[in-house]
Amino acid sequence: MKYRYIALASLLCSTAVRAQYQMDLQHVGTVPLNYLNKESIGPKGKEIRVNNIYMEEGGKPVLPVMGEFHYVRMDHRYWRDALLKMKASGINMVATYVMWSLHEETEGQQNWSGNHDLRRFIQLCGELGLKVHLRAGPYCNAEMQHGALPEWIINNKALVTRSNDPLYLNYSKKWYDAVFQQVKGLLYKDGGPIMALQLENEFVKKGLVVSHLMNLKKLAREAGFDVPLYTMTHWMDSEYPKGEVVPYGGFYIETPWVTNHGKMTPPTNFEYFTYNRLSDNIGTDIIKIEGDVESFDGSKNDSPFFTCEVGVGAPTFYQRRAVVSEEMAGENINLRLGTGVNLMGYYMYVGGTNPRGEKNTYGNGPYFGYDYQAPIREFGTLGAVMKETKKLNYFMNDFGSRLAPMLAYLPLSNKNKDNLQWAVRSDGDSGYLFVSNYLYRYDRPQYDQVQFKLKLHQEELTFPRKPVSIVNKSYFLWPFNLDLKGVNIKYATAQPITSHQDGKVSSYFFFEDDAISAEYLIDASNIKTIQAKGAKVSKEKNRYFISDLVAGKESVITITRNNGEQVKLVTLTEKQSDDLWKGKTGQKDVVALTKSSLLVDADKVLITDEDATQRISLYRSQGLKAFEDKVYQGQKVQQLEAAALELGPMHDATRIQAKTGKVLTKIVESSSLAEVSEATLRFSSDKTMKIYWNGKELSPKTVGEYTIADVKAAIRSGKNEIRFESADDGASLIAEVELLYKNGVRKVWNTDNTWLSEDQKPVENSENQHRPARYAASERLGLFEFTLPDLTRGKDEVRLELSYFGDKATAYIGEEPFTDSYNDGTPWILGLSRKKEELANDKLTVRITGFGADTQDIFLEDNFDRIKSQFPAIKNAKVVKDYTYSVND
């Protein structure tokens, strides 16, 4: 996370009194645990139970880290790659929607193969050790039309969707039965990965929530689903079936569905430490206040604080095109942990591409691109938010079991949002301090002379040793009384990331950040010796104080216990923490620093980057140096290029003329199952022409060098006659009909030598083959054809990074849609190698439309050129290739 100081004096906030930030935790007690599922479910030693506070696995608390990945939105050949990247970045549970409309576009015709092969996807998750939270609908949302309910369900006038209507429930039962048949034998109780089932999404129909959810649960169980956890997303003012279904929360800081007329939206409550668990204040009825502290009364709570939609990225909607930063992701996670979240569920974690249907597109817009600025983006690249996200994922992986039983405690001072925001999670003896001085796109004041004083069961802790300043845009978490293999860290002003175990040496990684020097206070009990590279060690009665520390790869505090075991504390810089990766090869922990993407596949450490020369630093707990630096190179650098050719209207058409007579005609076939959404006739002639479509005269208009007519209303399914008539013999004509179908397909009918003259004889080519060079300005349209490098050579990923002026763009391979984008000013990434078979036979074309003159109601970043984007153009087309090395550990 980056930080910056606020220059304006009026924004500065000074606190002159030390230990002003106090919290009394002396009365914190044990919370009674009430279990939702009476019996443990799962393999021996890994049984899952859920209580009112947290989840247990094998009888131990866990804090799962869940990432959303929609299998049907990605080519199945790349599922494994994305899942490995998820696992490498700390995800241990995969959530996925099973979208009814994508599996059964036409009633009775279900598709469970290829990219729709749910069973294979679940099996892959299991093979890689990832649990699965199945979100089976019937209703999903997911920015899909009708929330992924099939259109034939929506159009059925005999039923009421998302209700207890008997016919709707009958169809829902058939859907659940179909889904279960695909995953039979893969439930957690059978040794499979599916441990949870979501029954509905954002269901808020007043008076129906409890009964409808219980009806769906009954149908799911009758179908065969028997899982430890049944869930729903719980938005707005609604009830839920307590003790039967766990409500999951969602927290988005960037909210693209709130347009605000093109202006920045004000901060929401979700940007502060608050017990507002959901937008309807769920849980506020069981908040208790003791002194200056409010806490969640866990004894009265019936459901744990689980989430499924913590937004670390954000979609790009037409009216709002914000580019999110990694800091927004980190702060959202920090706030959620500080207020008590015990299952961190991200939406989305893996971006993707909506498939096209036979009849329709499914996305609400963009119709295909679902990149979401996610940690893993549409074509597998790592997003900007990955750095902050994965370091907090690792923290939850390694420290979550201790954090999960701890309730969250908030000072009442947080209610005044002008105050420094902070929170504590604690059992009364140990815990974590969470601090936030960050607002998305807004500044906060600097807080000076800050210390925190915690009254615990057996002691009072005040830290840091000296007051510090909390600068604008900072957020962090610090541990207190953290037990690390028998070594008690009384407190640290560095943030823990992860751990590494190597025999009798246990290493823990922290990072220093936000303009506050790292210091450690360590209990001297059971410690034989303590050494610190590049730091000052002071013995104080029964404690060691580590200060004047210089963070970096070799900043290692080595603690030797009386029993000979060692504990090492490695303090990295913030920049280095961004590059940290954690994995396992067999039973061996791997911690590394690299700017490359890292994953472990079949016990091999692989690093991948667009640079053919890559560097990695591998942690060595027992080496002379903490990290061993390695350089990998040797792969031949390939200079790959792409060239864009701007195409004008009628670029593939031939100028024709009749051998005899004044008529040029053609019968064309429109036989697609999809309806036409746009149809434009463009033509140019050296004579005045009348145009008839299926016998009806059109009224075209001249735009620049050519004439156009909207023919959408004239097109009919089946045969269509196009007829041009001139007043004089010998007229030449060049024309095209561009058809955009509702399923995203683009077709073009061109004039050529299959057209006929009035005597039904073939036309001849005109000697004059002039055609317009560019589309008329009034069309605000640009079409570009790309010449690409040979994609059949090699197995590494090749992408096109395309920057363009314009409003929105669609990429096509031949007639088929590839993906699309709403321009937000950042490069649009196209995964070329993932379509190399198709691109071997058809050209890549990109169709760009420009903005109109008025864009004030559209939110665009300040550096976006609104004027130039009225006129479609390619700014830059860069081809990049991945290079992958196997790391010799």
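On a 1 Å grid over the protein atoms alone, a pocket is an open set of points where a 1.4 Å probe fits, with protein on both sides within 12 Å along at least five of seven lines, and a lining residue has an atom within 4 Å of a point. This is a predicted model, where local features need pLDDT of at least 70 and side-chain atom pairs count only at 80 or more, while totals for chains, interfaces and linings use all residues. Residues are numbered from 1 along each chain as its sequence is written, and side-chain values use heavy atoms, with hydrogens and water left out.

**Exercise 1.** Work out what surrounds the second largest pocket.

Step 1: grab the centre. Lys-85, Gly-380, Ser-597, Thr-608 and Asp-882 lie nearest to it, out of 44 lining residues.

Step 2: get the volume, meaning the space filled by probe spheres set on the grid points, which are joined across faces, edges and corners. That comes to about 1,200 Å³.

Step 3: sort the lining, with Ala, Val, Leu, Ile, Met, Phe, Trp, Tyr, Cys and Pro as nonpolar, Asp, Glu, Lys and Arg as charged, and the others, Gly among them, as polar. You get 21 charged, 12 nonpolar and 11 polar residues.

**Exercise 2.** Now find the helix that gives the most to the lining of the largest pocket.

Step 1: pick the helix (a DSSP run of H or I, at least four residues, numbered from the N terminus).

Key: Helices (H or I, at least four residues) and strands (E, at least two) are DSSP runs, numbered from the N terminus.
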